[in-house]
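Please read them with the structure open.

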Amino acid sequence: MAKVLLADDDPDIRELARLLLSRHGHQVVTADDGVEAIAMLPRETPALVVTDLNMPHKDGRDVCSAVRSSPTLRMIPVVLLTALPLTDERVVQATAECHAIVLLKTDISTLGDLADRLVSEGTAA
């Protein structure tokens, strides 16, 4: 269906998200952290970016900012994964910067459907 760039520093979460996205027919390329994801963006030109909010060095907000600041990538939707509650200040701030927040404890199973919807809405570059 579409290429998805997935970034998460937790290998178990990364594998779970990769599986959920792959089951929906998406081609998933993975990054171990935000630094790697940002470096991969221009080369991979994904239709969707799914990234962990909390990662060392460069976090999900940094990845989102890299997408938004690029004239060629800025229309790519970004989904942030987090274990933090929606009321956490970092999540509240990130909400304005991305297309969706997926709570790992309750919403991870919806990731494939969400990816399908965001890609099909035509918001992807």
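1. Which backbone nitrogen does the side chain of Thr82 reach? The model is predicted. In it, the Thr82 side chain comes to 3.0 Å from the backbone nitrogen of Leu84. Thr82 belongs to strand S4, residues 78-82.

2. Is Thr82 buried or exposed? Thr82 counts as buried because its relative accessibility is 1%, and the cut-off for buried is under 20%. Set aside the neighbours within four places in sequence. Thr82 then contacts Leu53, Asn54, Val91, Ile101, Val102, Leu103 and Leu104.

3. Next, the rest of S4. This strand is mostly covered, with five of its five residues buried. Val78, Leu80 and Thr82 point one way from S4. Val79 and Leu81 point the other way. Residues on both sides of S4 are buried.

4. In what order do the strands of the sheet run? The order is S2-S1-S3-S4-S5. The sheet is open, has five strands, and its pairing is parallel. S2 (27-31) and S5 are the edge strands, each pairing on one side only. From one strand to the next, the twist averages 20 degrees.

5. Now the pairings of S4. Four bridges join S3 to S4, and these two strands run parallel. Thr51 has Leu80 as its bridge partner in S4. S4 and S5 also run parallel and are joined by four bridges. Leu80 stands opposite Ile101 in S5. Val79 stands opposite Ala100 in S5.

6. Helix H2 (residues 34-44) lies across S1, S2 and S3. H2 runs at about 145 degrees to S2.

7. An α-helix has 3.6 residues a turn, so residues three or four places apart point the same way.

8. How many disulfides does the structure hold? The number is zero. A disulfide is a covalent bond between the sulfur atoms of two cysteines. The sulfur of Cys64 has its closest cysteine sulfur in Cys98, at 5.9 Å, and this is too far for a bond. The cut-off here is 2.5 Å. Seen from Cys98, the closest cysteine sulfur is that of Cys64, again 5.9 Å away and too far for a bond. Cys64 is buried, at 1% relative accessible area. Cys98 is buried too, at 12%.

9. Thr95 sits in helix H4, residues 89-95. Is Thr95 buried or partly exposed? Thr95 is partly exposed, because its relative accessible area is 42%. Between Thr95 and Gly34 there are 18 Å, C-alpha to C-alpha, for a separation of 61 residues in sequence.

10. Last, a loop residue. Gly25 lies between H1 and S2. Its relative accessible area is 40%, so Gly25 is partly exposed. Beyond its neighbours within four places in sequence, Gly25 contacts Met1 and Ala2. Gly25 and Asp10 are 15 residues apart in sequence, and their C-alpha atoms are 23 Å apart in space.

How values were computed
Residues numbered from 1 in each chain as written. Predicted model: local features only at pLDDT ≥ 70, side-chain atom pairs only at ≥ 80, totals over all residues. Heavy atoms only, no water. Buried < 20%, exposed > 50% of the residue type's maximum accessible area, 1.4 Å probe, protein only. Polar contact = N/O pair within 3.5 Å; in protein donor to acceptor, adjacent residues only side chain to side chain. Contact = heavy atoms within 4.5 Å. Pairing = 2+ DSSP bridges. Axes fitted to C-alpha atoms, helices over the stretch in contact; angles between N-to-C directions.
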